[in-house]
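Please look over the sequence and the model before reading on.

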Amino acid sequence: KTGRPIGEEPGRPEGHIGRRSFDHWFGEKDRNGFIHRSWMRAQGFSDEVFDGRPVIGICNTWSELTPCNAHLRRLAESVKRGVWQAGGFPLEFPVMSLGETMLRPTAMLFRNLLSMDVEESLRGNPIDGTILLTGCDKTTPGSIMGAASVDLPTLVVTGGPMLNGKFRGCDIGSGTAVWRFTQDVNAGRMSQEDYAAAESGMSRSNGHCMTMGTASTMACMAEALGLQLPGSAAIPAVDSRRYAIAQQAGQRIVQMVEEDLKPSDILTRDAFANAVRANAAIGGSTNAVIHLLAIAGRAGVDLTLDDMDEWARGVPWLVDLQPSGRYLMEDFYYAGGLPAVLREILPLLKADAITVTGKSIGENVAKAERTVDTDVIRAVGDPLGSGAGTAVLKGNLAPDGAVVKQSAASERLLQHRGRALVFSSIEEYDLAVDDPELDVDADTVLVLQNAGPRGYPGMPEVGNMTIPRKLAEQGVDDMVRISDARMSGTAYGTVVLHVAPEAAVGGPLALVRTGDWIELDVPGRTLHLDVSDEELEKRRADWQAPTPAGDRGWVRLYTDHVMQANEGCDLDFLVGRSGSAVGRQSH
Ligand code: FES
Ligand code: MG
């Protein structure tokens, strides 16, 4: 199938019309062919690679500033082996990398920028299919968004989680341990020495966070959507099987190009239903809600918060991983990983949804191993909870919606009425949190404004505000918290997030004042501010929009065009796809 002589017409199958294929770049006998080949020869490629074989772009989010993705150069070598093996021509290239722990003011500010980098790199270069190498939180959705807008055959290979963290003989989880230990230090339950020891034992191998945080969740979402080979999501980054599956992915993408199996074939509404249900079963991150909405927007799939709430309802919560539960990703992999979960919930899935294997998710999962450890992955008849997924709340405080992760919340707070204590910025909160005079008790509802997509900007993970010190010292470990921010996928608590519209665009969240009563009813799916419409209108008349964060550059483009959380926080002009064709030559 491959190995056409230079210059011979490739005879592209239907659907490829207009796509600039490999032959156009490296097979021509004219000046352009000379230019394209000659400069590539500088890298020492021999004649055969110009024979018309599919070019596989390995789109790499590697960076030493993204420690979670630091091993992706090595993983790319395994992908290349597979591509060569299957008769393709692999070419690795870098795209912007987003390190969750490094980037300020938040990596989320740049997810859409990464997606633009991926999109334009894939379209502008001579590429027939792509492997997306991703890992840390935003790198997976950002890469998928870009690739979906180009719609070349695409296969995701995530970098895998770190080995379980270790501290004094116990397993500790990425992020989750940080939040917990910081609270313990604040409450005087943990020494600074122990805090430092935990720091060095938590991240002890390559890989992304090994809790069911956003990175692990999005790896599972890529697999549940059908974009990653079955069984890929959970393999630890340093397990040799991660490298073996990357090699298989390299082989498979060459076949996908020959089959012309594209994201538009895979990213159907059914695929999103499967992802949302899988997310409820694994107790995944609230961030998945925003990322799935954004990916659906690129794929042209109609998807709303209401769909997601409806699909997640009644799905049994099966995976006992931190931050909601006890175990970590290594345990999850050894217990059977995502295929074991999907097999359990198969009757709830759209089994016919097609995947990168060319087979349906039902066919893929039929071959899955049974769960090896039913403590880590529960049987469907013995769940950790039912309907514990991310719930969507509406009400006069969040007309366009807000979310709460039920599995990470306290049962007793799921229905709660409390007095608001309002902060207009996270800095204001941080200044107040240690104040022994702070007028707060365990029933207070902490409200944070101006931490949304436009307001911060970038919607940082600050929604899980630390418990005020004086309450932490009394043993209070959870309170209702409400904001237009996100929270880390590794965080927990009764935290209402993604309030839309956000405060900075004049959403009702901006009008809440200290002392107002707020009613949260998660089973009833409502979030109500107990203030009359007339009073709210009066307050609205007094409200002044904050000054936008930036007047030039990316921040300007972002704040001018970012959509609200219920629409996935994509830029309005990036929704949809433009395909892979480029009409004009560069010389
Ligand atoms: Fe990169 Fe958690 S910080 S995955
Ligand atoms: Mg995160």
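## Core and helix pairs

The largest nonpolar core has 174 residues, and those that touch the most other members are Ile131, Leu133, Ala281, Leu292, Val341, Val447 and Val496. The model is a predicted one.

Beyond its neighbours within four places in sequence, Leu292 is in contact with Met221, Phe272, Ala275, Val276 and Leu303.

| Helix pair | Residues | Axis distance | Angle |
|---|---|---|---|
| H11 and H12 | 269-282 and 287-299 | within 11 Å | roughly 175° |
| H6 and H7 | 176-186 and 192-202 | 11 Å | about 175° |

Take H11 and H12, whose axes cross at roughly 175°. H11 is therefore roughly antiparallel to H12, since angles over 145 degrees count as such. H11 contributes Phe272, Ala275, Val276 and Asn279 to the contact, and H12 contributes Ala288, Leu292 and Ala296. By type, that contact has 6 nonpolar residues, 1 polar and no charged.

Now H6 and H7, which pack at about 175°. This angle makes H6 roughly antiparallel to H7. On the H6 side the contact uses Ala177, Phe181 and Val185; on the H7 side, Tyr195, Ala198 and Met202. Here the residues divide into 6 nonpolar, no polar and no charged.

One annotation remains. An unreviewed UniProt entry lists residues 375-569 as "domain: Dihydroxy-acid/6-phosphogluconate dehydratase C-terminal". Over residues 375-569, the chain is 16% helix and 24% strand. The end C-alpha atoms of that stretch are 36 Å apart.

Conventions:
Residues are numbered from 1 along each chain as its sequence is written. Chains are lettered from A and ligands numbered from 1 in the order in which they are written. This is a predicted model: local features need pLDDT of at least 70, side-chain atom pairs count only at pLDDT 80 or more; totals for chains, interfaces and linings use all residues. Axes are lines fitted to C-alpha atoms, for helices over the stretch in contact, and angles run from 0 to 180 degrees between N-to-C directions. Helices (H or I, at least four residues) and strands (E, at least two) are DSSP runs, numbered from the N terminus. Angles under 35 degrees count as roughly parallel, over 145 as roughly antiparallel, 65 to 115 as roughly perpendicular and the rest as oblique. Two residues are in contact if their C-beta atoms, placed from the backbone, lie within 7 Å. Ala, Val, Leu, Ile, Met, Phe, Trp, Tyr, Cys and Pro count as nonpolar, Asp, Glu, Lys and Arg as charged, and the others, Gly among them, as polar. A nonpolar core is a set of buried Ala, Val, Leu, Ile, Met, Phe, Trp, Tyr and Cys residues joined through C-beta atoms within 7 Å. A residue is buried if 20 or more other C-beta atoms lie within 10 Å of its own, exposed if 12 or fewer, and partly exposed in between; C-beta atoms are placed from the backbone. UniProt positions are given in the numbering used here, feature names are shortened, and annotations may be inferred rather than shown by experiment.
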